[in-house]
Amino acid sequence: MNNRLAKFKDLVPSTLPFVEGKMDGHKERKNYSIVGPGVAEDSKQFVKIAMPHSFNLGAVSAMPKNGSGLHSHTTAEVFIIYSGKWKFYWGAEGKDETILSTGDIISMPTNMFRAFENVGDEEGLIFVVLGGDDPGIITWVPSVLEKAKKTGMALLNDNSLIDLSLNEIPKGKTILKPISEEEIKKFDNYKLDQIEKFICKNNENSKQINKMKDNFDLIQILGNKFENKEYAPLINQDTGFNLSILKCNKGQITNLKFEKPTILFSRTGKWEIMIDDFQCILNPKDTISIPINSNVNIKINEQENCYLNCVTQI
Ligand SMILES: [Fe+2]
């Protein structure tokens, strides 16, 4: 079971995960692959839980005024703000934006350029759930690739990252060309009110609490299932996974069973997890992957309500 447990303190982040990683505004950032490889362009990115789950979990931390450049994905990308104050902006020119803080969640549509920046005063951390076993490659807006090249960084035509200040372009390979104006037009754009439908603010979570047994509450964010029961989600979007949040201060919930790949990761609180005869403690930011159809007990004993995220395949 230890290969299913990801203690945050044991993770090894990439400090140059993407092509824009040496640019001002992007270089003071760390990228973590917790479940699955994610979309990191760094071929040496450490992956803690490698077995396929049909989704990926990663995390990004960045210092103030740092974040990601504008890029698009072919699968779902859901951001769960763990700490800090972040600006998310989108569209080929990144004109539309919203500010999110601790506990807020945004599910970005596919085929749309998006980026984010830490606009707080301290280092902040975001968890990111990506759809699919292989979330594929990301597409950058041309200006990111052009500016990155001035720092020595480029992508090759097989989408691998190269530092041109240290390495020659390997034989048979070429530098990836930025996409054309025509190709840019094929990407979608959304107005703020359209994107707001895919945002769940922390203070709106309590709008739709599902009472469970033993003092536990369930907040259904994405997808309509937790275990084998149906719940109405706060965000209606097909991502391929369910995202649920368990909320409790003191209590124990027993005999949970998940028929699909499932992970639990703590946002706040110290959670005691029993999976068959394996026991572990999930501190904030720690993740456990649950084998299908095992028997799961979850216990917590805290002064305040705490939050445990759960992602399961649909
Ligand atoms: Fe992304």
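Guide: We will go from domains to sheets, then to single residues. Keep in mind that this is a predicted model.

Visitor: Which domains does the assignment give?

Guide: The domain assignment lists domain 1 (2-199) and domain 2 (205-313). Their centres, taken over C-alpha atoms, are 26 Å apart. Domain 1 puts 23 residues into the contact, and domain 2 puts in 21 residues.

Visitor: Which elements give two or more residues to the side of domain 1 that touches domain 2?

Guide: They are strands S1 (5-6), S2 (29-35), S4 (55-62), S6 (77-83), S9 (105-108) and S11 (124-131). By residue type, this side of domain 1 has 16 nonpolar, five polar and two charged residues.

Visitor: Now the sheets. What is the order of strands in the open sheet of seven?

Guide: Read across the sheet: S3-S2-S4-S11-S6-S9-S15, with mixed pairing. The edge strands, S3 (47-49) and S15 (199-200), each pair on one side only. Within the sheet, S6 and S9 pair antiparallel over four bridges. Glu-77 stands opposite Met-108 in S9.

Visitor: How many bridges join S7 to S8?

Guide: Six, and strands S7 and S8 (residues 96-101) run antiparallel. Lys-85 faces Ser-101 in S8. The two strands make a hairpin with five residues between them. In the turn, Gly-91 has a positive phi of about 90°.

Visitor: Which strands pair with S10?

Guide: Strand S7 (residues 85-90) is one of them, running antiparallel to S10 with five bridges. Lys-87 stands opposite Glu-117 in S10. Strand S5 (residues 67-72) also pairs with S10 in the antiparallel sense, over three bridges. There, His-71 has Arg-114 as its bridge partner.

Visitor: Are the faces of S10 covered or open?

Guide: First the rule. In a regular strand the side chains alternate between the two faces of the sheet. Now apply it. On one side of S10 are Arg-114, Phe-116 and Asn-118; on the other are Ala-115 and Glu-117. Every one of these residues is buried, and both faces are covered. That accounts for five of the five residues in S10 (residues 114-118).

Visitor: And Asp-214: buried or exposed?

Guide: Count the neighbours. Asp-214 has 12, so Asp-214 is exposed. Asp-214 sits in the loop between strands S16 (209-211) and S17 (217-222).

Visitor: What does Asp-214 touch?

Guide: Gly-251, Gln-252 and Ile-253, not counting residues up to four places away in sequence. For a sense of distance, take Leu-155. Asp-214 and Leu-155 are 59 residues apart in sequence and 52 Å apart in space, C-alpha to C-alpha.

Technical notes:
Residues are numbered from 1 along each chain as its sequence is written. This is a predicted model: local features need pLDDT of at least 70, side-chain atom pairs count only at pLDDT 80 or more; totals for chains, interfaces and linings use all residues. A residue is buried if 20 or more other C-beta atoms lie within 10 Å of its own, exposed if 12 or fewer, and partly exposed in between; C-beta atoms are placed from the backbone. Two strands pair if DSSP finds at least two bridges between them. Two residues are in contact if their C-beta atoms, placed from the backbone, lie within 7 Å. Domain bounds come from an automatic or database domain assignment. Ala, Val, Leu, Ile, Met, Phe, Trp, Tyr, Cys and Pro count as nonpolar, Asp, Glu, Lys and Arg as charged, and the others, Gly among them, as polar.
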